[in-house]
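Here is a short report for a reader meeting this model for the first time. Please look over the sequence and the structure, then read on.

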Amino acid sequence: MSWFSTLEQAPPIEVFDLLKQYPNDDFPQKVNLSAGAYRTNEEKPWVLPVVRTAETALLNDEKVNKEYLPILGFEAFSKLATRILLGDDSVALAENRAFGVQCLSGTGSLRVGAEFLATKLGKTVFYYSNPTWGNHRLVFLNAGFKDAREYRYWDAENRSLDLNGLLEDLNNAPEGAVIILHACAHNPTGCDPTQDQWREVARVIKEKKLFPFFDSAYQGFATGDLDKDAWAVRFFVKEGLELLCGQSFAKNFGLYNERVGNLSIVLNNPEKIPAVKSQITLIVRGMYSNPPAHGARIVHYVLSNNELYDQWRDNIKTMSSRIKEMRQKLREELERIGAPGSWNHVTDQIGMFSYTGLNAAQSQHLVKKYHVYMLSTGRISMCGLTPSNVEYVAKCIKETLT
Ligand code: PLP
């Protein structure tokens, strides 16, 4: 007899499954377009130069030790993280009604925020975009939400935002429902609302008394500019909305495995901040007790030094520009060889991903026959494309479609 005998095998997580298969594939022209992680033109992971500088300084600083951080993390880091999200001129910061909690990267920030909303504010219903990042549903359900619902987002036929569908679904949402919004560089579609469209979304959220929970995993990656990529969050704050925002420093600092994140919380007055902090303290204490320090120290080191901060912004530009170049190259190549269909969406979309429009069978065919690793939703990571593999990828896409 075993206590585990009735346990069923859970399905694999597609993206991690592909990442595991990839190194064991000895096909010489294999291409990895599945991972949401930056690669150089040489297909190598990139440790940002500012990260190296910060790490070297921290390593040689005898004051840096391995003591526990407080339960809510490294406060000086969180302050700066919330500041880059809300902006130096933020009214909410000036009025002391916004603060941050260091969490375990973007996922951990969403999880802590969701558990707070479910267990302390009694929220049960949440909405996520259709489609969305493959983890939103699981994170919110595991955090205690009961009712997962979708709002329309992607108009597959026109390869653009389904604004009317989105607004209609939000209009029909019950009062108090939590709405997950991608702050920028929507994953997987690479399609963000325009500023006018965001204004409409904010209006409905306000009118219908919904609760916005932003997911900011790509600040800087969409346009190459930290302020532009935070526009939507800042607009909601200006509109007087209370909100939560999970921030990840995995992508914009290349700190994927350091799990550096921040949950920013904006209230409409500072009165309840001590109560919110005390309740989140209980959540974190019961979940992982306190966060790791190394990655947060790196980010803090860079954000608190003007020269390094400027260098970091240059590093972000390097990454976002390479991605833009790859979009251009892929589109040009698909058009040059006459791959069926139109390909303007490849350059219209922004951020790390392109939603190619390929269906599940076509995507799987690319993986199996051509060793081009991508998700079955047709999502490719632009970071995996390089000047040396883009022609091969375009050719494989064309052959798959003809
Ligand atoms: N949210 C979105 C939309 C993402 O794409 C990701 C990562 O791929 C995350 C959150 C969380 O990432 P992490 O937990 O690695 O910071």
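Predicted model: local features only at pLDDT ≥ 70, side-chain atom pairs only at ≥ 80, totals over all residues.

Buried here means 20 or more other C-beta atoms within 10 Å of a residue's own; exposed means 12 or fewer, partly exposed is in between, and C-beta atoms are placed from the backbone. Strand 10 spans residues 260–266, and seven of its seven residues are buried. In a regular strand the side chains alternate between the two faces of the sheet. Helices (H or I, at least four residues) and strands (E, at least two) are DSSP runs, numbered from the N terminus.

Two strands pair with strand 10. Strand 2 (residues 98–104) runs antiparallel to strand 10, over seven bridges. One of the bridges sets L104 against V260. Strand 9 (residues 243–248) is also antiparallel to strand 10, with six bridges. There, C245 has S264 as its bridge partner. Pairing requires that DSSP finds at least two bridges between the strands.

Residues are numbered from 1 along each chain as its sequence is written.

The chain has a mean pLDDT of 97, and 100% of its residues reach 70 or more. pLDDT is the predictor's confidence in each residue, from 0 to 100. The model has an ipTM of 0.99 and a pTM of 0.96.

## Parallel strands

Strand 3 (residues 125–130) and strand 4 (residues 147–152) are parallel and share six bridges. Between them, the chain passes through helix 6 (residues 136–142), in a right-handed β-α-β crossover. Right-handed means that, with the strands pointing away from the viewer, the path from the first strand over the helix to the second runs clockwise. Y128 faces E150 in strand 4. Strand 3 also runs parallel to strand 7 (residues 178–182), joined by two bridges. Y127 pairs with I179 there.

Is strand 7 buried or exposed? Five of its five residues are buried. V178, I180 and H182 point one way, while I179 and L181 point the other way. Strand 7 pairs in parallel with strand 8 (residues 211–216) over five bridges. L181 has F214 in strand 8 as its bridge partner.

## Around the ligand

Which residues surround the ligand? They are G36, S105, G106, T107, W133, H182, N187, D215, A217, S248, A250 and G261. A residue is near a molecule or strand if its C-beta atom, placed from the backbone, lies within 6 Å of it. By class, three residues of the shell are nonpolar, eight are polar and one is charged. Ala, Val, Leu, Ile, Met, Phe, Trp, Tyr, Cys and Pro count as nonpolar; Asp, Glu, Lys and Arg count as charged; the others, Gly among them, count as polar.

Helix 5 (residues 105–120) gives the most to this shell, with three residues. S105 lies in helix 5. Its phi is near 55 degrees, a positive value in a residue other than glycine. S105 counts as buried because it has 25 C-beta neighbours inside 10 Å.

## Backbone exceptions

Most residues other than glycine have a negative phi, and most peptide bonds are trans. The bond from N130 to P131 is cis, with omega near 5 degrees. P131 sits in the loop between strand 3 and helix 6. N187 and P188 are also joined by a cis bond, with omega about 15 degrees. P188 is in the loop between strand 7 and helix 8.

K209 has a positive phi near 55 degrees. K209 belongs to the loop between helix 8 and strand 8. K209 counts as exposed because it has 11 C-beta neighbours inside 10 Å.
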